[in-house]
Amino acid sequence: MKDSIHDNGVVGAGGAGFPAAVKLRAKAEVVIVNGAECEPLLHKDKELMLHHGAEMLRGLRAAMARAGALQAVVGIKEKDQAVIQAITPQLPAGVRVFPLSDTYPAGDEFLLVYDVTGRVIPPGGLPLNVGAVVLNVETLVNIGRNRPVTHKYLTVAGAVKEPVTLRVPVGISLGEVIQAAGGATVPLYDVLMGGAMMGRLASGPEEPILKTTGGAIVLPREHGLITRYRLPWSAIYRIGKSACDQCVFCTELCPRFLLGHPIEPHLAMRALMFAPEKDRMIAGTLYCCECNLCSLFSCPETLDPKNVCAHDKVAAREKNLKWQGDPNEVRPHSMYPARRVPIRRLMQRLGLQSFRNVGPLEDRPLKPKRVVLPLEQHAGAPAAPVVRAGERVKEGQLIAAPPEGKLGANIHASISGRVSKVDGAITIEAT
Ligand code: SF4
Ligand code: SF4
């Protein structure tokens, strides 16, 4: 049967890249729109709700119909009154706005679901376990547009002349989007792809923008955040092992711990030092969402419990360790509301307050000479090419599809031109 969401290659645009058609096969009571956008300096979702709210709501109605949900909630930060006022008059029956606090990580799916519904997703579970489906703003815009996903919105911010939210063809290079933001203001810089908290260092100016790239934060190479992101595992391990004084701040502010989940990052740090009970301490790391709050905000020693948790997760999976508790007994900590971290304080701690915190939408798409479309830019199996080098393609034409019976997403040509290369990616030269 024809499935337009699958055919159009719509995937979660918030970073995970899960195929939206698969997510919407399940039945849910409520669809929650994640408009929290809690990564510092990013403005893409807010701008989309402001300027393309009607398309987002069209996508939301389609998502509700698929999931059989009679209700939907649009989570928007209370401080974004202009967005709330623009969206509210357009809301269809059964849809309401939920005002969110200006804290990090308000957009974490587990926190968002609890804030909106009062229900805690069990450790290791999904929003569906409590009757919810969560979708990102841009994912819904893409569903509402009902055409192949060829373009991507992202905020380019930090050390650039004109911070901006751009609409770009998928596969354009990072260097071109930085130029479109007026260029870097410093000669030597690095870029955090996806955000300052949950991003990663870009490989270089040739790196392509993917369907899941929500932002690019340009920072001077000597910036403290870049130093943190550059630290190798050997140093994280060695310093963590010798310098953690078990003050427990990382755990006390951990949002998933506060939600009642069995993650206690100070135990993962302790497990670096001692062998007894190591497995029990490591098992909890399975429930870390890698929000980075413990490493970049909470720890007074600037240690890196997040990367220790991320590292230990691999060991926990290999050993098939599991949390042995009762999910029905999971209750949020009494300090859950009081220990939310305000974005303003987070930005001060990250050293980002000197950058302009704006990202107005520039809706005219850029026109690159070349795009590089990786076959792996979504959850599941890499897509298999359906075009060959030398072929001419038109914008919106299918160029790669998931292998038969595998989870994955279609990829379409984001510009018209000639396919010049097909390997782990499909390169198209504009003609
Ligand atoms: S906050 Fe830092 S020093 Fe304190 S327990 Fe956690 S990792 Fe150790
Ligand atoms: S990264 Fe740190 S603060 Fe975030 S969930 Fe994991 S342990 Fe908790």
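A residue counts as buried here if 20 or more other C-beta atoms lie within 10 Å of its own. With that in hand, welcome to this predicted model.

**Strand 6 and its partners**

- His151, Tyr153, Thr155 and Ala157 point one way from strand 6, while Lys152, Leu154, Val156 and Gly158 point the other way, and all are buried.
- Strand 7 (residues 164–169) pairs with strand 6 in the antiparallel sense, over 6 bridges.
- Strand 10 (residues 215–220) pairs with strand 6 in the parallel sense, over 4 bridges.
- In strand 10, valine 218 is the residue that stands opposite glycine 158.

**The nonpolar core**

- The largest nonpolar core has 130 residues, and Val31, Ile32, Leu60, Val156, Val177 and Ala216 are those with the most contacts inside it.
- Helix 3 (residues 44–67) provides the largest share of this core, with 8 residues.
- Leaving aside residues up to four places away in sequence, valine 156 touches Pro163, Val164, Leu166, Val177, Ile178, Ala181 and Ala216.
- In soluble globular proteins, nonpolar side chains tend to be buried together.

- An open sheet of 3 strands runs in the order 14-16-17, with antiparallel pairing.
- Its edge strands are strand 14 (384–385) and strand 17 (411–412), each of which pairs on one side only.
- Strand 14 and strand 16 (residues 398–401) are joined in the antiparallel sense by 2 bridges.
- Here alanine 384 stands opposite alanine 401 of strand 16.

**Around ligand 2**

- There are 15 residues around ligand 2, of which Cys254, Cys288, Cys291, Cys294 and Lys306 come nearest.
- Helix 11 (255–258), helix 14 (293–298) and helix 15 (305–318) are the elements that give two or more residues to this shell.
- Helix 15 gives the most to the shell around ligand 2, with 3 residues.
- By type, the shell around ligand 2 divides into 11 nonpolar, 1 polar and 3 charged residues.

Conventions:
Residues numbered from 1 in each chain as written. Chains lettered and ligands numbered in written order. Predicted model: local features only at pLDDT ≥ 70, side-chain atom pairs only at ≥ 80, totals over all residues. Near = placed C-beta within 6 Å. Nonpolar A, V, L, I, M, F, W, Y, C, P; charged D, E, K, R; others polar. Buried ≥ 20, exposed ≤ 12 C-beta atoms within 10 Å, placed from the backbone. Pairing = 2+ DSSP bridges. Core = buried A, V, L, I, M, F, W, Y, C linked by C-beta atoms within 7 Å. Contact = placed C-beta atoms within 7 Å.
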